[in-house]
Amino acid sequence: MREISGEDIEALAVGAWILGTGGGGSPYHSLLNMRRLYRDGVRVRLMDPQVLADDDDVAVVSNMGAPLVSQERLADSRLAARAVELMQEYLGRRFRGVMSIEIGGNNAIQPLMAAAHLGIPVIDADAMGRAYPEAQMTTFAVGNLAPAPLTSVDPRGNEVVVTRAADWKWMERTSRKVCTEFGSVAATCKAPRTGAEIKRWGVHGTTTKAIRLGRAVMDANRRHDDPIAVILEAERGKRLFAGKVIEVERRTTEGFLRGSAAIEDERRARIRINFQNEWVVVWREKRPLATTPELICVLDSDTGEAIGTEMVRYGQRVTVIVLPAPEIFLTARGLDLVGPRAFGYDIDFRSALAP
Amino acid sequence: MKRIGIDVGGTNTDAVLVSEGSVEAAVKVPTTADVTEGILAAMRLLRDSAGGAYRDIAAVMIGTTHFTNAVVQHRELAQVAAVRIGAPATTALPPFCDWPDDLAKLVADGTWIVQGGHDYDGRPFMPLDPEEIRGVAREIRARGIRDVAVTAMFSPLNSSHEDAVAEILSEEIPEVSVTCSHWLGGIGLLPRENAALLNASLVPLARRTVEAFERAMRESGIGSPLYITQNDGTVAAASYAAALPVFGFASGPTNSMRGGAYLSELEEAIVADVGGTTTDFGHLQAGFPRQANSIVQIGGVRTLFRMPDLVSIGLGGGSIIDPDRIAIGPQSVGFRLTEQALVFGGSTLTATDIAVAAGLADIGDRRKVAHLAPALIDAVLARARAMIEAHADRIKTRAGDAVLLAVGGGSFLIPDRLQGISRVVRVEHGSCANAVGAAIAQVSGEVDQVFQGLDRGEAIARGRSLAEQRAVEAGAAADELTLVEAEDIPVAYLPGHALRVRIKVVGNIARA
């Protein structure tokens, strides 16, 4: 157990945005919430999942919805905490700690915001190792853990508990409908996990990893080194393509932001990247160059800063990199849930990192 | 067609007369504390210099860094009341929450977050409560604040709550000046609100400044319309610019780069604009400044303007030299160069003095720097070269040598040979490139509208033709319009596939 410093949170915001693979929402507003809380003297602790007792109860939080909406609604740490309180009220039990469902993007800081009000530690783990658009796209779903209950709250005082769901897909559908009605953004507390479940199925050490990644980029920029080279070295990734964004097309359907971006390099070679909140498949002509579950990150070529699917625009100079996926997702059941077919692309997963 | 372009910088006021695309006359005078005097002096000098050509002026275009400087230097900013419409959402992060503390302390004079705003699908998030708004308006009036920024959740998709609040404020507060955030930007509540707050804070200064410009025009006997240059290299009518000063924030560097491109006929180059206090490095692509990728900070405030991608360093003609540490700037004597520099009989060692001593420039009295040690001159020039090489490299988009275009009054500080630069280009009138950029500025036409029942291609085409029509109405030549911005945002859950389209086209002023 250690105290998370203010500097750690700054680095976490940078690292989590990169692990967001285009989605997950910018952590900026959550970072602002944390800065205000830290200025008021609040501190949050980080706990290694290995020291959890098997029967400890842990809250799993996320902010659900379209990143575009969060840019207007902003973030509110009290709502993040309220979703956990509602779960405690429903269960009649108190939580040992709180963890994120996804380390990529805004949700990396969601458990810190809840923990700041609840006085419990953040567990150093998540269930994606990146960001994904749907609730069943988690290592917990790969492990067939129970999908319910779930709490969902909005700032107007609307609160919903989904007490049961036939499976993860149904939980996604039901909770997504609630979220869409709330205005396509909601603070949620997912199905609680035991210490044993987190030790077996969690992606461990991801908060620490995001902090490390963020620090590497911030240090590289300070030293005027190439931040992208630093990321690739630290995370065993691969540089896929560099060029200029020449076209972006977007549409919002069923609460998801879908579309594609085309990027062209100096020699007129061109790739297209499809997205559903996050970057999903990179194409050259009709050939997939990289697909989920590996992490496709589009970075500002100069600063290494991640560029989100809702912010990508014509004329940006970007570098596309691929980072390795958590092992759990490379199993048959893992690929069923988060491979290209889970996003409607009839292609097999082939690692872009294979030599 | 004749036009006068004027650039009011922190150090110099430059003026050029451009006739049928060529520069007839170019002059440079020191900027005065009261900008009017400097402009009048420049116009007098321009008239004497141009002789018979100084007549039938069709338009005067003025660019100024006045508003940016006010923010950066924390001066002449009005105190602002912030009214945000979005409660019970957004309250955790109140207005000014991501401003630097010192600037917020200077500008913020009360923040209110009232119920209301919209959702992404256009439905009201919460209803507005007119009584609550009237209560806020009375509190603002009681505090004696006249400048108010109003920002509603999702106002770029539905501005009705901002409009309604602005109306109530106008009813309740005499002489109130309201900036609505939807005039300034798109989705992104905090950066849009920040832009509105900065704008509201600058409106009184902008009004005074534009009035001073207009007075200077009248006094110099020119009756042609006055335009103010904008961030994107286009011009706007003076009255519009007085209400929306933030749109002129980056016009200085934009004008220099556009003017440099025009004079050199280079389409692709690194531009180093050396002024009195700073050097701005930018990158010309297809004759236009490359835009910054990310959110732009002004005086430490995050906003969402499209701005040229710039790297600035404290190196200019007026930079103060510390001979012991061989340090250049960032302090500068600014427009007091002609009093304080050694070559003008002053007592401050400046970069200009070093350049004169080295024979790079012929300004003032060379004998007054004859005593400077050659070793000091060489060391300072080496330091300047290192600063220039490092920053020219930072603005590059790829490795390899690039052409560097040196403009601005202090461009004598740029050496002819630089590492990483294939050649250094200098142009006639290059020291007044910014005024040339103002004189050749184009006119734009913009559309920001929701289209329904059309597919994406049709909606964009419809928006584009509407924008083109507006540009032509504003005086652009119909056959030279280019698309500079196209953005479409889907608006889900409205009948008939609604698409919000933002289009901007620019074109040259049509010849009479």
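Which strands of chain B does helix H6 (residues 189-219) lie across? In this predicted model, H6 of chain B lies across S5, S7 and S8 of chain B. Its direction runs at about 165 degrees to S7(B).

- Four strands form an open sheet in the order S6-S5-S7-S8, with parallel pairing.
- Strand S6 (108-115) and strand S8 (177-180) of chain B are the edge strands; each has a single partner strand, so one side of each lacks a neighbour in the sheet.
- On average, neighbouring strands of this sheet are turned by 20 degrees against each other, direction ignored.
- Strand S5 (residues 80-87) of chain B pairs with S6(B) in the parallel sense over 6 bridges.
- Within this pairing, Trp112(B) in S6(B) is the bridge partner of Val83(B).

**Chain B: a helix on the sheet**
- Helix H4 (residues 130-143) of chain B packs on the sheet and touches S5, S6 and strand S7 (147-152) of chain B.
- The direction of H4 makes about 175 degrees with that of S6(B).

- Strand S14 (residues 278-284) of chain A is mostly covered, with 5 of its 7 residues buried.
- Strand S13 (residues 270-276) of chain A pairs with S14(A) in the antiparallel sense over 5 bridges.
- Ile273(A) has Val282(A) in S14(A) as its bridge partner.
- S14(A) also runs antiparallel to strand S15 (residues 287-291) of chain A, joined by 4 bridges.
- Arg284(A) stands opposite Arg287(A) in S15(A).

**Chain A: the hairpin turns**
- The hairpin of S13(A) and S14(A) has 1 residue between the strands; Asn277(A) in the turn has a positive phi of about 60 degrees.
- The hairpin of S14(A) and S15(A) has 2 residues between the strands, and Glu285(A) takes a positive phi near 55 degrees.

Note on methods
Residues numbered from 1 in each chain as written. Chains lettered and ligands numbered in written order. Predicted model: local features only at pLDDT ≥ 70, side-chain atom pairs only at ≥ 80, totals over all residues. Buried ≥ 20, exposed ≤ 12 C-beta atoms within 10 Å, placed from the backbone. Pairing = 2+ DSSP bridges. Axes fitted to C-alpha atoms, helices over the stretch in contact; angles between N-to-C directions. Contact = placed C-beta atoms within 7 Å.
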